[in-house]
Amino acid sequence: MCNLYRMTKTTAEVANLFNAVELGASNAPAEIYPGYPGLVVANGELRSMVWGFPLRLKGMKPDAKPKPVNNARADKLDSFKWRFSFAERRCLIPVTEFAEAEGEKGSKTRTWFSLPGQDMFAVAGIWRDTDEWGPAYSMVMTEACIHVADVHDRMPVILRREDWTDWLDGPPDAAELLCRPYPAMMTVNRTADPWVRR
């Protein structure tokens with residue numbers, strides 16, 4: 001599952017590509033981890049939200065920070081946790097590239113995936129308002145395509161530009177059809193960068 005992605009474009013560049021109105025300033029970093037703010041396109045607006053729906057585990061102290069649930073499996077979108085956000089609050093997540101951990105436990109490195117010839121692309125997302133963090137979003141995941149499969153068995157749902165409107169505004173059954181492995185070429189960049197930065 002994706003636990004790290006990059007968005008290296010300015011908010012103006014993102015708003016322009018997605019034809020969205022910038023809504024306030026963003027403090028999203030270039031590398032986005034679960035529980036951090038990221039940019040999201042929802043309802044025609046480019047907004048900053050927290051990546052991950054807050055989850056309070058049984059036995060947690062009331063003042064403990066919730067765990068961010070940052071990935072929603074496409075085959076579980078009809079479950080109670082995701083159903084209403086999928087039906088009513090779908091969004092686009094602008095991404096420059098996303099990473100998966102590769103290698104042996106304790107020495108995993110970052111492998112980055114991007115789209116050739118595209119500085120930025122859209123990943124399918126869902127969002128909701130939360131008491132803990134305000135607006136929060138989760139990335140929709142599906143089975144891995146051939147370019148990702150030897151690193152991880154799942155990947156983000158990458159949406160082609162012509163599918164953006166169907167994802168945002170189409171009925172749930174039409175949006176569900178878009179939750180498939182990416183069918184075109186991808187660029188794979190294996191690095192020696194440690195997955196966990198100390």
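Predicted model: local features only at pLDDT ≥ 70, side-chain atom pairs only at ≥ 80, totals over all residues.

Reader: How much of the chain counts as buried?

Author: Of the 198 residues, 46% do. Here the cut-off is under 20% relative accessible area for buried, and over 50% for exposed. Contacts tell you about the fold too: take those between residues at least 6 apart in sequence, and 68% of them join residues at least 24 apart.

Reader: What about charges? How far apart are the mean positions of the positive and negative ones?

Author: They are 7 Å apart, for 25 positive and 26 negative charges.

Reader: Now helices. How do I work out which way a helix faces?

Author: The general idea is simple: an α-helix has 3.6 residues a turn, so residues three or four places apart point the same way. Now try α1, where Val14, Ala15 and Phe18 are buried. Looking down the axis of α1, you see those buried residues fall within an arc of 100°, so they line one face of the helix.

Reader: What do the buried residues of α1 pack against?

Author: Quite a list: β2, β4, β5, β9, β12 and α3.

Reader: Which residues of α2 are buried, and which are exposed on the other side?

Author: In α2, which spans residues 80–88, the buried ones are Trp82, Ser85 and Phe86. They cover an arc of only 100° around the axis, which puts them on the same side of α2. Phe80 and Glu88 are exposed on the other side.

Reader: I keep hearing about phi. What should I look out for?

Author: Most residues other than glycine have a negative phi. Asn19 has one, at about 50°, although it is not a glycine. Asn19 comes after α1, in the loop that leads from α1 to β2.

Reader: Is Asn19 buried or exposed?

Author: Exposed, with a relative accessible area of 69%.

Reader: And where is Asn43, and what is its phi?

Author: Asn43 is in the loop between β4 (37–42) and β5 (45–51). Its phi is near 55°, again positive in a residue other than glycine. Asn43 is exposed as well, at 64% relative accessibility.

Reader: Let's finish with a strand. What can one residue show me?

Author: Pick Met49, in strand β5. At 2% relative accessibility, Met49 counts as buried.

Reader: Which residues is Met49 in contact with, leaving aside its neighbours within four places in sequence?

Author: Tyr36, Pro37, Gly38, Val40, Ala42, Trp127, Pro135, Ala136 and Tyr137. Take Pro135 from that list. Met49 and Pro135 are 86 residues apart along the chain, yet 5.2 Å separates their C-alpha atoms.

Note on methods
Residues numbered from 1 in each chain as written. Heavy atoms only, no water. Buried < 20%, exposed > 50% of the residue type's maximum accessible area, 1.4 Å probe, protein only. Contact = heavy atoms within 4.5 Å. Lys, Arg positive; Asp, Glu negative; His and termini not counted. Charge placed at Lys NZ, Arg CZ, Asp CG, Glu CD. Helix = DSSP H or I, 4+ residues; strand = E, 2+ residues; numbered from the N terminus. Arc of directions from axis to C-beta.
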